[in-house]
Amino acid sequence: MNQATQAAGGTAAAVLMLAMALASGPSRAATPPPAEPLKATVSHWWTSGGESAAIRQFADAFNAAGGKWIDQAVAGADQSRASTINRIVGGNAPVAAQFNTSRQFRDIVDQGLLNNIDDVAARGNWNAILPQTIIDVIRIDGHYYAAPVDIHMPAWFFYSKKAFAKAGIKEEPKTWEAFLATLDRLKAAGVIPLAFGGQVWQEKIVFDAVFAQVGGPDLYLKVYRDRDLNAIRSPAFRNVLVNFRKLRGYIDPGSPGRNWNDATALVVSNRAGVQIMGDWAKGEFSAAGQVAGREFGCFPGFGPKAPYMVAGDAFVFPKTAKPNVVKAQKLLATVLTAPGPQAAFSARKGSIPIRPDVDTSQLDLCARMGIAIMQDRARQLPNPEMLLEPDLNGALQDVLTNFWNRNQSPEQAQQAFAQAIQDNTW
Amino acid sequence: MKRDVMREIDLPPVRRRPRSRITPARIGVYAFLVTAALFFLVPLYVMLVTSVKPMDEIRLGNIFALPLSPTLAPWHSAWQAACTGLECEGIRGGFWNSVWITVPSMVLSIVIGAVNGYALSFWRPRGANLLFAVLMMGAFVPGQVMLYPLVRALAAVELYSSLPGIVLVHVIFGMPMMTLLFRNYYAALPEELFKAARIDGGGFWRIFFELMLPMSTPVIVVAAIMQVTNIWNDFLLGLVFAGSDHLPMTVQLNNIINTTTGERLYNVNMAATILTSLVPLALYFLSGRWFVRGIASGAVKG
Amino acid sequence: MVAAAPTRRKAGCTAAYIALLPMALTVIGAYVCTMLWTARVSVSSARIFPTGDFVGLGQYERLFRNARWLLSLENLAIYGAIFVIACLVLGFLLAVFIDQKVVGEGALRTVFLYPYAMSFVATGLVWQWILNPELGIQRVVRQLGFTDFTFDWIVHQDKALYTIVLATVWQASGLVMALLLSGLRGVDEELWKAARIDGIPVWRVYTSIVLPMLWPSLSTAFVLLFVMVVKLFDAVVAMTQGGPGTATEVPAKFIMDYLFGRANIGLASAASIVLLATVLAIVAPLYYARLKAQARGHA
């Protein structure tokens with residue numbers, strides 16, 4: 001090519017490029033260029049119909065914000081977490097994985113296998129808006145390692161209005177003694193007073209409910225947080241155990257091994273009066289077409305200062321340096337904790353949102369009650385899994401299930417409790 | 001007289017029609033079998049009945065009662081509408097994944113088991129028995145204990161989260177029982193057969209393919225039953241090693257049945273379980289034609 | 001001819017070694033290495049991930065102070081004995097009776113085998129319902145009029161284990177039946193004819209001739225059942241979750257709990273090693289005796 005042709009070609013190319021730039025210029029200002037969506041493989045254990053509808057809120061919000069939610073659910077909380085850990089080990093970790101807001105992922109943080117989301121936390125002002133009990137668990141050594149998505153209360157008292165009416169009970173009991181009297185009246189009316197499922201974790205939930213209500217938050221924290229052996233051996237703790245044992249007189253003979261759903265079914269069908277269970281039980285009531293305040297009632301404890309146990313779920317972000325994945329993680333953390341998705345999720349999940357500045361109109365009666373209680377910081381009580389390692393939590397479950405199922409004396413249980421705490425080396 | 005009897009036996013084995021004598025012994029046989037069958041069928045009855053009841057009836061707790069308003073919606077839901085996470089598409093998604101995992105794993109583990117059993121029982125190379133003993137000890141190790149090291153090992157050779165990886169894992173876990181099965185079966189065959197074949201000039205592989213394998217049909221059927229059932233119903237290994245593109249049907253089944261704090265639809269759960277088990281069940285029913293008598297004896301005389 | 005035989009044997013032996021290579025690789029690479037790794041972790045304080053430290057026999061000490069572990073071993077022994085015997089007897093009877101040229105053999109065989117095909121997560125729940133006094137058999141029989149009938153083993157500490165036996169025998173007998181049936185079908189037709197000609201009663205044929213000939217199938221079935229006993233997990237989780245309390249705790253569930261939920265792989269590894277050692281202690285003498293008998297037989 002001679003110089004003239006080259007010059008002509010170059011000019012033509014320049015003119016062409018200028019024309020293209022001018023043509024796309026105004027449109028660039030009007031609509032952003034279609035970017036590649038940020039893919040996020042998300043591992044969790046929410047697989048029932050209600051839970052699926054709830055997580056769809058997060059997925060839709062994430063997709064709308066420029067992400068692509070790739071669902072990798074595994075039912076069974078233990079199995080889901082085990083699958084996540086194996087995937088981290090095998091180098092095929094999901095972008096985000098569900099854990100409980102608890103000490104379950106402490107070991108993973110200590111091994112340096114999680115990315116932190118400090119910038120998302122700073123932007124969202126988590127220090128100010130999240131409950132302290134949650135911050136204590138997700139902020140380790142000053143860094144935020146998990147995005148909390150909900151607050152569940154594991155110790156609600158649900159009751160069937162028809163069963164109460166049959167026993168002539170006009171109002172919810174306001175004290176523990178009144179509660180026991182209510183159970184007596186249910187028994188006299190031929191209704192199973194307490195719908196109970198004899199599985200280890202359910203026994204622990206009922207025990208913790210009694211512990212918080214009868215023992216009080218101070219004793220509770222002394223035992224679970226401070227691991228104070230004197231508190232365990234004290235008469236106050238003995239009293240808690242005695243009252244826990246009292247509930248055994250109000251369950252039916254078919255309770256051992258029963259799934260929690262089958263116990264809720266007893267309340268739904270008005271064959272039992274009360275069930276002590278977490279607020280996820282509302283899902284079973286909804287599936288049966290029952291509404292809080294109409295066919296069933298709920299109260300979180302006794303008295304205006306009754307403690308409100310805080311538990312919940314959070315997503316962690318396995319360590320990676322790939323820039324697109326890190327971007328996806330940050331986007332996900334932002335979406336999961338934003339007010340809109342929080343409201344939509346909790347309305348379908350039966351939980352309460354992690355932040356107070358959320359539209360609560362879609363939430364049911366019990367959830368609204370819970371949100372009002374959460375305003376009072378003094379009533380927030382961390383659940384045992386926030387304070388105990390999974391190993392020690394399990395060992396205490398063993399102690400309590402033996403106390404419940406065998407004829408042990410409260411003193412023996414106190415002794416075993418203390419022994420379990422001392423045994424928990426490493 | 002004896003010669004006639006022998007000639008009669010030389011005929012290929014034929015399924016005789018049952019002779020219809022009604023003796024007390026015969027009645028006893030049928031009585032026992034029917035009673036046993038009833039015992040075995042009770043749980044299936046409960047499962048079927050539960051799978052066609054609406055949840056309201058199930059909540060009443062009458063597990064043996066026939067449904068008042070039967071419905072096939074749970075079956076439809078189990079196959080294509082039940083929620084398994086974000087998607088609500090039932091268990092059908094994983095069907096072909098399960099097939100792609102089960103068929104190669106079964107074939108490979110049976111072939112390897114047969115070769116192992118053959119080598120161990122006829123050739124007996126030195127040190128093989130010790131190897132076999134250690135292999136059998138391995139059968140007692142709970143699979144979950146082996147997860148972590150296997151994940152690390154497979155990740156190191158880039159087989160983690162892949163179809164070849166899960167097939168390899170199933171072969172590894174199936175090897176003890178398959179080897180035992182074939183070894184004991186071949187140990188029961190007459191040694192004269194083998195010696196005669198050696199004298200005829202057969203080598204290791206020739207004897208295996210032309211003599212032993214054709215005689216192994218009953219044990220292959222049992223091995224297939226065991227492997228298809230174990231692999232088809234396996235959940236944990238598939239979850240950990242297959243990778244998200246090849247997740248077997250059992251993962252969806254687990255997601256439907258095993259919700260932790262979600263509501264449980266027992267009718268859908270029962271329907272899903274029965275649907276998942278149809279493949280092994282079909283195999284059991286169809287395997288009948290190979291449970292015939294006298295395969296080995298035919299070879300001895302012939 | 002005689003001179004040629006040794007080289008042929010050598011060639012065959014080489015082929016045998018090559019053929020056994022996958023097995024050798026699996027044993028050494030997968031099983032031995034895993035057992036060594038497990039042993040290493042069991043002397044460390046690992047929680048979720050392996051740590052490199054060394055704590056001596058501390059995990060083992062903690063293990064044997066754990067009442068739940070000791071109970072699980074005891075449960076396994078009781079359960080194992082009853083389960084293996086029940087399955088062998090029931091499986092043998094089923095195989096023998098089905099072998100009598102009955103009508104509908106295919107259907108019957110499927111009826112006895114279908115429990116094995118089904119995931120125990122669902123069937124275990126069904127058994128829990130059937131055995132629950134408020135939902136199942138006790139309720140139905142009482143409704144029929146026998147108001148004093150009780151069948152509530154599953155809610156009693158000392159009897160719940162037998163319910164697990166019941167459900168797992170239901171599940172496994174079919175497989176034992178299939179194994180023994182394939183063995184029975186390998187028995188010479190000629191043998192039956194000869195026995196009939198000689199006038200031996202049928203039951204005598206079974207006990208004196210058939211049973212010994214079934215020995216390989218029986219021994220396979222025994223090992224299979226023994227493995228099922230040691231690995232017993234799904235049934236316990238689906239039916240009783242180890243309860244009531246810890247009454248139906250078994251070692252495999254203990255190990256699983258500490259491996260995953262309770263995040264203590266050090267303790268779980270120690271438990272696995274102890275379990276393996278217990279199995280070895282039981283199996284090794286039997287195996288040694290069998291080797292001796294075989295050697296005598298070949299000599």
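Student: Are Phe207(A) and Phe211(A) buried or exposed?

Tutor: Phe207(A) is buried, and Phe211(A) is buried too. Keep in mind that this is a predicted model.

Student: How are the rings of Phe207(A) and Phe211(A) placed, and why is the pair called tilted?

Tutor: Look at centre distance and plane angle. Planes under 30 degrees apart count as stacked, over 60 as edge-to-face, and the rest as tilted. Here the ring centres lie 5.6 Å apart and the planes meet at 45°, so the pair is tilted.

Student: Where do Phe207(A) and Phe211(A) sit in chain A?

Tutor: Both belong to helix H10 (residues 200–224) of chain A. They are 4 residues apart, so about one helical turn separates them.

Student: How does the pair Phe140(B) and Phe226(C) read?

Tutor: Apply the angle rule again. The ring centres are 5.2 Å apart, with planes at 65°, so this pair is edge-to-face.

Student: Which elements hold Phe140(B) and Phe226(C)?

Tutor: Phe140(B) lies in the loop between helix H6 (128–139) and helix H7 (147–156) of chain B. Phe226(C) lies in helix H11 (residues 215–230) of chain C, so the pair joins two chains.

Student: What is the relative accessibility of Phe226(C), and why does it count as buried?

Tutor: The cut-off for buried is under 20% relative accessible area. Phe226(C) has 16%, so it counts as buried. Phe140(B) is buried as well, with a relative accessible area of 3%.

Student: How many aromatic pairs are there over all chains?

Tutor: The structure holds 64. Ring pairs can also link up into a cluster. One such cluster in chain B includes Tyr118(B), Phe122(B), Trp123(B), Phe182(B) and Tyr185(B). Tyr186(B), Phe194(B), Phe204(B), Trp205(B), Phe208(B) and Phe209(B) are also linked into it.

Student: Now chain C. How many helices and strands does it have?

Tutor: Chain C has 14 helices and 0 strands.

Student: What radius of gyration does chain C have?

Tutor: Set the value against a reference globule. A compact globule of 299 residues would have a radius near 19 Å, but chain C has 24 Å. The C-alpha atoms fill a box of roughly 65 × 65 × 30 Å along the principal axes.

Student: What share of the residues of chain C is buried?

Tutor: Of its 299 residues, 57% count as buried. The accessible surface comes to about 12200 Å², and carbon and sulfur atoms hold 70% of that.

Student: What do the contacts in chain C join?

Tutor: Check sequence separation. Among contacts between residues at least 6 apart, 69% join residues at least 24 apart.

Student: How many positive and negative side chains does chain C have?

Tutor: There are 23 positive and 16 negative side chains. The centres of the two sets lie 9 Å apart.

Notes:
Residues are numbered from 1 along each chain as its sequence is written. Chains are lettered from A and ligands numbered from 1 in the order in which they are written. This is a predicted model: local features need pLDDT of at least 70, side-chain atom pairs count only at pLDDT 80 or more; totals for chains, interfaces and linings use all residues. Side-chain values use heavy atoms; hydrogens and water are left out. The radius of gyration is taken over C-alpha atoms; the globule rule is 2.2 Å times the number of residues to the power 0.38. Buried means under 20% relative accessible area, exposed over 50%, partly exposed in between (1.4 Å probe, protein chains only). Contact means heavy atoms within 4.5 Å. Accessible areas come from the Shrake-Rupley method with a 1.4 Å probe; for residues, only the protein chains shown count as cover. Lys and Arg count as positive and Asp and Glu as negative; His and the chain ends are not counted. The place of a charge is taken as NZ of Lys, CZ of Arg, CG of Asp or CD of Glu. Rings of Phe, Tyr and Trp (its six-membered ring) pair if their centres lie within 6.5 Å; planes under 30 degrees apart count as stacked, over 60 as edge-to-face and the rest as tilted.
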